[in-house]
Amino acid sequence: EVLAHHPRSPDVHRLRGEYANRLFRHEDAVAAFEEAARLDPSSALAQWDLALAYLQCGREDEARRRLVRALRQGLDQSRQRHAMLLLARLPTGRPS
């Protein structure tokens, strides 16, 4: 219902993605986070959320790209450390 009233709100889509993750509906979470990132491409948090959702779906190349983008966009310090650890553990694929 909230989404129907605020379809262009990145925050609403992020919340929808978080809810889908809690229900282990990771593809739905990806769709929601992709929309949040599309609506607010400068949001480091949207990139972070999308990267984690991609990891849950086994989409490591896409996760790597989103982690790098989140870091470039100024991800907060605690998430920066986590992002760096994740990047170090991901297999090196195509250049990002």
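Where is the place of Ala31?

*Solution.* Start with the ground rules. This is a predicted model, with local features needing pLDDT of at least 70, side-chain atom pairs counting only at pLDDT 80 or more, and totals for chains, interfaces and linings using all residues. Residues are numbered from 1 along each chain as its sequence is written, and side-chain values use heavy atoms, with hydrogens and water left out.

Step 1: Ala31 sits in helix α3. Helices here are DSSP runs (H or I, at least four residues), numbered from the N terminus.

Step 2: the accessibility classes are buried (under 20% relative accessible area), exposed (over 50%) and partly exposed in between, with a 1.4 Å probe and protein chains only. Ala31 has 39% relative accessibility, so it counts as partly exposed.

Step 3: for a sense of scale, take Arg89, which is 58 residues from Ala31 in sequence and 25 Å from it in space, C-alpha to C-alpha.

**Exercise 1: α3 against α4**

Describe how helix α3 (residues 26-39) packs on α4.

*Solution.* Two packed helices are described by the angle between their axes and the distance between the axes.

Step 1: get the geometry. The angle is about 155° and the axes are 9 Å apart. Axes are lines fitted to C-alpha atoms, for helices over the stretch in contact, and angles run from 0 to 180 degrees between N-to-C directions.

Step 2: α3 and α4 make a left-handed crossing, the label used if the near helix is turned anticlockwise from the far one by less than a right angle (clockwise would be right-handed).

Step 3: list who touches whom, where contact means heavy atoms within 4.5 Å. From α3 come His26, Ala29, Val30, Phe33, Glu34, Ala36 and Ala37, and from α4 come Ala46, Gln47, Asp49, Leu50, Ala53, Tyr54 and Gln56.

Step 4: sort them by type. Ala, Val, Leu, Ile, Met, Phe, Trp, Tyr, Cys and Pro count as nonpolar, Asp, Glu, Lys and Arg as charged, and the others, Gly among them, as polar. That contact has 9 nonpolar, 3 polar and 2 charged residues.

**Exercise 2: α6 and its two partners**

*Solution.* Step 1: α5 (residues 60-72) and α6 (residues 77-89) pack at about 150°, their axes 10 Å apart. This makes α5 roughly antiparallel to α6.

Step 1: α5 passes α6 in a left-handed crossing. Arg64, Leu67, Val68 and Leu71 of α5 meet Gln80, Ala83, Met84, Leu86 and Leu87 of α6, and the set splits into 7 nonpolar, 1 polar and 1 charged.

Step 2: turn to α4. Its axis comes within 12 Å of that of α6, and the two cross at roughly 35°. The crossing of α4 past α6 is left-handed.

Step 3: Leu45, Trp48, Leu52 and Leu55 in α4 meet Arg79, His82, Ala83 and Leu86 in α6. This contact divides into 6 nonpolar, 1 polar and 1 charged.

**Exercise 3: the cores**

Which residues make up the largest nonpolar core?

*Solution.* Step 1: a nonpolar core is a set of buried Ala, Val, Leu, Ile, Met, Phe, Trp, Tyr and Cys residues joined through side-chain atoms within 4.5 Å.

Step 1: the largest one has 11 residues: Ala44, Trp48, Ala51, Leu67, Val68, Ala70, Leu75, Ala83, Leu86, Leu87 and Leu90. Helices α4 (44-56), α5 and α6 supply at least two residues each.

Step 2: zoom in on Leu75. Leaving aside neighbours within four places in sequence, Leu75 contacts Ala44, Trp48, Ala70, Gln80 and Ala83.

Step 3: there's also a second, separate core of 10 residues, including Phe33, Ala37, Ala53 and Tyr54.

Methods. Parallel < 35°, antiparallel > 145°, perpendicular 65-115°, else oblique.
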